[in-house]
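This report covers aromatic ring contacts and one stretch of strand pairing. The structure is shown below.

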Amino acid sequence: MKIHKFFLNGLYIVLDINSGAVHIVDKMVYDLLDVYDGENGEAAAQALTGRYPQAELNEALAELAELVTAERLFSPDLPIPTTFQEKPLLKSLCLHVAHDCNLRCGYCFAGTGDFGHDRGLMSPEVACRAIDFIIENGGSRRNSEIDFFGGEPLMNMPTVKAAIEHVRRREQETGKKFKLTLTTNGVLLTPEITEYLNANEISLVLSLDGRKEVHDKMRPFTEGVGSYDKVLANLQAAVQSRNDQNYYLRGTFTAHNLDFAADVLSMADAGFSQLSVEPVVGKDVDYAITEEHLPQLFAEYEKLAEAYLARRKAGNGFDFFHFNLDLSNGPCVAKRLSGCGAGHEYMAVTPEGDLYPCHQFVGREEFKLGDVFTGVQNQELPQQFRQTHVMKKEACSTCWARLYCSGGCHANAHQFHGTIEQPYEIGCELQKKRLECAIMIQAIRAIEG
């Protein structure tokens, strides 16, 4: 498959997959591309004879041929970068500073914080050793990332602070630069903690599920009471204190709120501009997204895309993570092949210091890689993860979105199929719809200048 074409928001859109070129065409050209493959102009013209004037067909085919010559249509396949065959360098760690949580979210993949094991907190010694581990295994890479995660990481602020201090000290010693992120449900986000995080330039991922009734249904306190009111107030104060910068407000939608566009807009109306809402991943549970939900979810993404454009035009726009797509230089193949880097460039660290391919694999014992003290002991797993990319997955090889999605989440694939080589199909379908919306948005913004 060389091109992908679709009709959305009144536009006939054609994506040249390998170059990333996007073309807005009329109905005649759109229909021509059902037949034209970059070489068969005469046959394509004959197939549409009688439906459109011959002179117009010939003119359109001449223009399409020019695009083919310029490698902006039916462009050649991209080679796998040779750098991808080299030994990976560790670029990111997810520190599970707390395997405990003060909420009891109904869809929590982490077992409400314990990841299927005992609840516990990471010691400062383990956190500092993890930071040394990424430096030792990052090679010449200058920029690295640390995410403070849980459970709820603010339940272990002493370790968070010790790790931040250690990072800043090691930056001075090594010349490396760390981006630090903390993911929190916001319950413990006091003014004092917020001031500390701001002063240390910590990016925030803040959890909120949109409307009050939606959030409270799935994100209650341990005693069952909804957390929305307290969380919203804390998150608003934190975002205002950093001038609406350096954060993402992240929500999760489930089968209980398939009209999730209303939740995104609710978050925007509450004063947040950096938004991300993800579909829940669940199996054999009442909140799970199923195939029968897809048509409604596709419509919701389209509705959200239209609202996104309308609000930007009106001067009260917001940023939606899945609509961010830079097509100016075509797809970055190396990035698409490495994906999130789980298992080879990105790893998660448990409170005890054990290493797993990512935060979602923690607790799945067959995926334990080693620990931060003795290093990676299972040398086969990182290579398996590194080589299981979009160019090698059978289901991905013919997908139009293969150079824009990285082949989906390994953890979700394993949860549904028992292997990381077969993508989670519902996730694929939702990703493709999001990409279509993102491409449409970029096309309209380009037209409007």
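Is Phe361 buried or exposed? At 0% relative accessibility, Phe361 is buried, where buried means under 20% relative accessible area, exposed over 50%, and partly exposed in between (1.4 Å probe, protein chains only).

This is a predicted model, in which local features need pLDDT of at least 70, side-chain atom pairs count only at pLDDT 80 or more, and totals for chains, interfaces and linings use all residues. Residues are numbered from 1 along each chain as its sequence is written, and side-chain values use heavy atoms, with hydrogens and water left out.

Rings of Phe, Tyr and Trp (its six-membered ring) pair if their centres lie within 6.5 Å; planes under 30 degrees apart count as stacked, over 60 as edge-to-face and the rest as tilted. The count by this rule is 14 aromatic pairs. Two of them are tabulated.

| Pair | Centre to centre | Angle between planes | Class |
|---|---|---|---|
| Phe7 and Tyr12 | 4.6 Å | 45° | tilted |
| Phe361 and Phe385 | 5.5 Å | 90° | edge-to-face |

Phe385 is buried at 2% relative accessibility. Phe7 is partly exposed at 46% relative accessible area, and Tyr12 is partly exposed at 21%. Ring pairs also link Tyr308, Phe318, Phe320 and Phe323 into a cluster.

Phe320 belongs to strand β12, where Phe320 stands opposite Leu275. Strands here are DSSP runs (E, at least two residues), numbered from the N terminus, and two strands pair if DSSP finds at least two bridges between them. Strand β11 (residues 274–279) has five of its six residues buried. β11 pairs with β12 (residues 319–320) in the parallel sense over two bridges.

Notes
Helix = DSSP H or I, 4+ residues; strand = E, 2+ residues; numbered from the N terminus.
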